[in-house]
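Here are a few exercises to work through with the structure open beside you. Try each task before reading its solution.

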Amino acid sequence: QVYSHVKKIIKNHRIWLITHLPLLLAIFALFFIPENAKTILKYSGYTALLFLVSVLILTPLIRIFPTIVILKNINRHRRELGVAAFSYAMLHMISYVIKKGSIFKAWQFAFHPAIIPAFFIALPILLLLSLTSNNFSIKKLGFNKWKNLHKKVYIAEIAIFLHMIMVGEAFYAFLIFIPLFFIQYKSRKKS
């Protein structure tokens, strides 16, 4: 009885488990061995980026390649992927604070040009989108308002691109975002 109940929970929430179990392990490693902050900072940033780009590229790829079934299957889990992007972005910020030594030391860098796009633009947007990535919010806001709210992700996309360039990750920013921008552009022309 208990086993079948646990099995059902795991089956129904497998995407949440797959996306967030490594996050829990990273949080454990971060808080019990704070020296891991530098490694987890990089890992969490790129993992957040992976999930965000996955969400951002799904619709354009489906428009361009409408017959590829796996894209539609992955698209059914875009909420989980989007929330995972926010979760790892939060871990990225927490790792940064721990790496700096305290919230007060980290705050001294909050208004650095490289930090502003991530901390004051992208993170609040991802937080808002995560909080509203549920059926209740769609009902409460109405689909059109909800959809317009979730289009703010494109502002976060640009902010993260700028953040990466300014923290010295320009090579990876261009490697990841230029193809993404191109695919997004091509899919808009097609639709």
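**Exercise 1.** In this predicted model, work out how helix 3 and helix 10 pack against each other.

*Solution.* Start with the axes: those of helix 3 (residues 37–64) and helix 10 (residues 153–166) come within 12 Å and cross at roughly 140 degrees. Next, the handedness: helix 3 passes helix 10 in a left-handed crossing. Now pick out the side that helix 3 brings, namely Y46, L49, L52 and L56. Facing them in helix 10 are V153, Y154, E157, I160 and M164. Sort the residues of this contact and you get eight nonpolar, no polar and one charged.

**Exercise 2.** Find the residues that touch the most other members of the largest nonpolar core, then follow I160.

*Solution.* The core has 40 residues, and the ones to list are L52, Y88, L91, L126, I160 and F177. Helices 2, 3, 5, 7, 10 and 11 each give two or more residues to this core. Helix 3 has the largest share, with 13 residues. Then zoom in on I160: leaving aside neighbours within four places in sequence, I160 is in contact with L49, L52, A122, L126 and F177.

Note on methods
Residues numbered from 1 in each chain as written. Predicted model: local features only at pLDDT ≥ 70, side-chain atom pairs only at ≥ 80, totals over all residues. Heavy atoms only, no water. Axes fitted to C-alpha atoms, helices over the stretch in contact; angles between N-to-C directions. Helix = DSSP H or I, 4+ residues; strand = E, 2+ residues; numbered from the N terminus. Left-handed = near helix turned anticlockwise from the far one by under 90°. Contact = heavy atoms within 4.5 Å. Nonpolar A, V, L, I, M, F, W, Y, C, P; charged D, E, K, R; others polar. Core = buried A, V, L, I, M, F, W, Y, C linked by side-chain atoms within 4.5 Å. Buried < 20%, exposed > 50% of the residue type's maximum accessible area, 1.4 Å probe, protein only.
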